[in-house]
Each structure stands twice: as structure tokens, then as C-alpha cells.
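Please read the following report alongside the sequence and the coordinates.

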Amino acid sequence: RVFIRADLNVPQDDSGNITEDTRIRASVPAIQMALKAGAAVMVTSHLGRPKGAGFDPEFSLKPASEALAKLLGKPVQMAPDCVGPEVEALAKALKPGDVLMLENTRFHKGEEKNDLELAKQMAALGEVYVNDAFGSAHRAHSSTEGVTRFLPAVSGFLMEQELEYLGRAVANPEHPYIAILGG
């Protein structure tokens with residue numbers, strides 16, 4: 001069981017339709033590799049800033065799970081949360097090749113505080129942790145840093161690609177060059 005932290009924080013219109021899916025597309029190679037290796041995969045992310053106030057349909061990852069299912073060409077089951085007894089049962093029932101989207105990690109106050117109990121609950125769902133969320137990796141949150149204290153952890157393809165790009169830009173930039181930083 002592979003627990004993948006992706007960056008699915010994608011823009012949506014007022015109806016909840018995804019208006020730009022680059023981040024979802026970028027998560028596909030790591031997921032496909034795990035599936036090809038015979039793993040059951042759990043994917044989670046944050047979306048927006050729901051402030052840890054519990055489930056809010058405006059910030060649900062359900063649209064991302066539907067978009068991911070289309071890109072993978074297979075069903076992606078949607079969990080009602082990212083932890084808890086119901087999620088644990090769903091995770092344990094996964095068979096090789098199954099994909100389960102866990103709900104928005106930021107529905108829990110402990111996520112942004114790197115609550116280790118929350119991280120431990122997330123880690124209990126998987127056997128290996130893959131961080132493929134470059135845009136969130138700098139944050140010490142339960143789903144990015146905390147989980148690594150309880151599971152063997154590796155970086156995903158997107159993380160590797162971004163680090164390679166940055167490394168080339170810093171170590172050996174092509175000339176002429178310009179740097180534009182944002183965040």
C-alpha cells in the first residue's frame with residue numbers, strides 16, 4: 001500500500017469544475033509506476049485553506065479524484081476523510097491496482113501544525129510514503145513531514161524533476177538567463 005502525497009491544489013470555478021489540471025496530470029507518473037508495480041495506491045493532498053474546520057464541500061478533493069480517474073483510465077474511489085475508522089477500512093480493503101483518493105488534509109486543524117498523532121494515523125494507512133508534492137514539500141505538515149517519521153519515505157517523479165530543474169538552473173545555467181521567482 002503506497003501513500004502518495006500529491007499537490008492537487010488546482011483552481012476550480014464556482015461550480016467546482018477544475019479549470020486547470022496541470023498539477024493532477026503531474027501526479028500521474030508516480031501513481032502509474034506504483035500501480036504497475038502491483039501496489040494499491042492512496043493519494044492525498046490539500047486544497048485551498050479550509051482552516052481545519054472539518055469537511056467543507058467547497059474544498060473537497062472529489063473533483064480531483066474524478067479528473068484523476070479520467071487520466072488513469074480507471075476508477076478512483078473517494079474516501080470521506082484522510083483518517084479515521086472508515087478510511088482505515090477502505091485502505092485495508094484495497095487490492096493491488098486500486099486507487100483511493102483521501103479527502104483534503106487541511107480539514108484537520110493538526111495538518112498545518114504537523115500534529116504527529118494525525119501523521120501517525122495517515123501513516124498507518126500505507127506501507128511506503130511517496131512525496132510528490134513539490135509545491136508543498138517545504139511545509140512541515142502532518143502529510144508532508146510528519147508521515148515520514150512513521151513510514152519509509154521516497155520522493156516521486158515530480159519532486160525529482162523539479163529538483164533537477166532547480167539544480168541545473170543554479171549549478172549550470174544556460175546563458176543568457178533570467179530568473180523569475182514567485183510563491
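Predicted model: local features only at pLDDT ≥ 70, side-chain atom pairs only at ≥ 80, totals over all residues.

Residues are numbered from 1 along each chain as its sequence is written, and side-chain values use heavy atoms, with hydrogens and water left out.

**The sheet**

Helices (H or I, at least four residues) and strands (E, at least two) are DSSP runs, numbered from the N terminus. Six strands form an open sheet with parallel pairing, in the order E3-E4-E2-E1-E5-E6, where two strands pair if DSSP finds at least two bridges between them. Strand E3 (77-78) and strand E6 (153-155) stand at the edges with a single partner strand each, so one side of each has no neighbour in the sheet. E3 pairs with strand E4 (residues 99-101) in the parallel sense over two bridges, and the bridge partner of Met 78 in E4 is Met 101. E1 and E2 also run parallel and are joined by four bridges; here Phe 3 stands opposite Met 42 in E2. Helix H6 (residues 157-171) lies across strand E5 (128-132) and E6, running at about 45° to E5; this angle is taken between N-to-C directions on a scale from 0 to 180 degrees, with axes fitted to C-alpha atoms, for helices over the stretch in contact.

**The nonpolar cores**

In a regular strand the side chains alternate between the two faces of the sheet. A nonpolar core is a set of buried Ala, Val, Leu, Ile, Met, Phe, Trp, Tyr and Cys residues joined through side-chain atoms within 4.5 Å. The largest such core has 24 residues, of which Leu 8, Ile 31, Val 41, Val 43, Leu 68 and Met 101 touch the most other members. Two or more residues of this core come from each of E1, H1, strand E2 (41-44), helix H2 (62-72) and E4. A second, separate core of 20 residues includes Ala 91, Leu 94, Leu 118 and Val 147.

**Charged side chains**

Side chains of opposite charge can pair when their charged atoms come close. The whole structure holds four salt bridges, each a side-chain nitrogen of Lys or Arg within 4 Å of a carboxyl oxygen of Asp or Glu; three of them are listed below.

| Pair | N to O distance |
|---|---|
| Arg 23 and Asp 7 | 3.6 Å |
| Arg 25 and Asp 21 | 3.1 Å |
| Glu 145 and Arg 149 | 3.2 Å |

Arg 23 and Asp 7 meet in a salt bridge; Arg 23 lies in helix H1 (residues 22-36) and Asp 7 in the loop between strand E1 (2-6) and H1, so the pair ties together parts that are 16 residues apart in sequence. Arg 23 is partly exposed at 37% relative accessible area, whereas Asp 7 is buried at 9%.

Which side chain of opposite charge is nearest to Arg 106? It is Glu 112, 4.1 Å away, and Arg 106 is buried yet has no salt bridge (Lys and Arg count as positive, Asp and Glu as negative, and His and the chain ends are not counted). Arg 106 is found in the loop between E4 and helix H4 (109-112).

How values were computed:
Buried < 20%, exposed > 50% of the residue type's maximum accessible area, 1.4 Å probe, protein only. Contact = heavy atoms within 4.5 Å.
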